[in-house]
Amino acid sequence: MKKTKRILTALLPLFRPSWWKKNWQRVAWHFSLAILAFFVCFRFIPVPFSAYMAQQKIGHLLQLDFSYSIKYDWVSLDEISPNMQLAVIAAEDQKFPHHWGFDFEAIQKAFKFNEKSHRTRGASTISQQTAKNLVLWHGQSWFRKGLEVPTTALMEIFWSKERILEVYLNIAEFGNGIFGVEAASRYYFKKSAKNLTQSEAALLAAVLPNPIIYKVNKPSALVRKKQSWIMGQMNGLGLNYLKEM
C-alpha cells in the first residue's frame, strides 16, 4: 500500500498542466531521442508489433473482450507482390517515391475542402500513416498530429522508401485484428502475399481507409468502384514506377 502511494505521489505532477508547461521542451527532447533510437534499431530488423496493434488489443481487453486476437505475419518486401506494392501507392499516395514524407499540395487541397464541406478529407502520405500506426495512436487531436510531423521526418531520414513501404504493408490493418498484407492474403485469398493478382491487391487497398466498415470478403458497391479505380491507376503508373523509390 505504501509503495503504491509513493508511486502515485511521484506521478501526480504529470497530471498538472503547470508541469507540462514548464517541462514540455525536456519531454519533447526525450521523445525525439526515443523515436530516433527506435528508427535506428528497426532500420533492418522486422517490427514485432505496432503501437496501433497494442492499442487495439488493450482496448478490447478493457471492454472485457477476450476473444479478440491479432493475425500478423511479417514478410520482407521481396515476398510481397509488386501488384500489392503498387496498389497501395496508387490508392493512398501516388507521390510516395518522390516526396520527403509530406504532400503539401494534397494538404492544401484537403484544408480548402474541409473548410467548405461537412465531410473531412485526409492528406496523409504512406510515410505519415506508417509513423502513426507504428509509434503513435489513432485520433484527430492536434497534439497527436503535432507528434506525427517530427516522427515522420525522422523516419524519412533514417529509412529508405523501400523500408517505409515494407513496414507499412506489414502493419496496415485489413480487417478486424488482421494486420499486414501476408496475414490478409492468407485469410482472404488462401495464398501468400507474393502471389497476389492485380485485382486482389486492388481490393485489399480499397478497404484501407476503414477496414472495419469496408469488407474485403463482402465488398460493397463502393469498394468495388474503388477497386476498379485503383486498377486503372495501377495501369497508368505501371510496375516500373516502383523502381523510382
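Trainee: How many salt bridges does the structure hold?

Mentor: Good place to start! This is a predicted model, in which local features need pLDDT of at least 70, side-chain atom pairs count only at pLDDT 80 or more, and totals for chains, interfaces and linings use all residues. Residues are numbered from 1 along each chain as its sequence is written, and side-chain values use heavy atoms, with hydrogens and water left out. Taking a salt bridge as a side-chain nitrogen of Lys or Arg within 4 Å of a carboxyl oxygen of Asp or Glu, the number of salt bridges in the structure is six.

Trainee: Are K161 and E156, which meet in a salt bridge, buried or exposed?

Mentor: Their side chains meet with N to O at 2.9 Å. Buried means under 20% relative accessible area, exposed over 50%, and partly exposed in between (1.4 Å probe, protein chains only). K161 has 11% relative accessibility and E156 has 8%, so both K161 and E156 are buried.

Trainee: Which helix holds both R163 and E166?

Mentor: The side chains of R163 and E166 form a salt bridge, 2.6 Å from N to O. Helices are DSSP runs (H or I, at least four residues), numbered from the N terminus. R163 and E166 are three residues apart, about one helical turn, in helix α8 (residues 161–171).

Trainee: What is the relative accessible area of R186?

Mentor: R186 forms a salt bridge with E182, with 2.6 Å between the closest N and O atoms. R186 is partly exposed, and its relative accessible area is 44%.

Note on methods:
Helix = DSSP H or I, 4+ residues; strand = E, 2+ residues; numbered from the N terminus.
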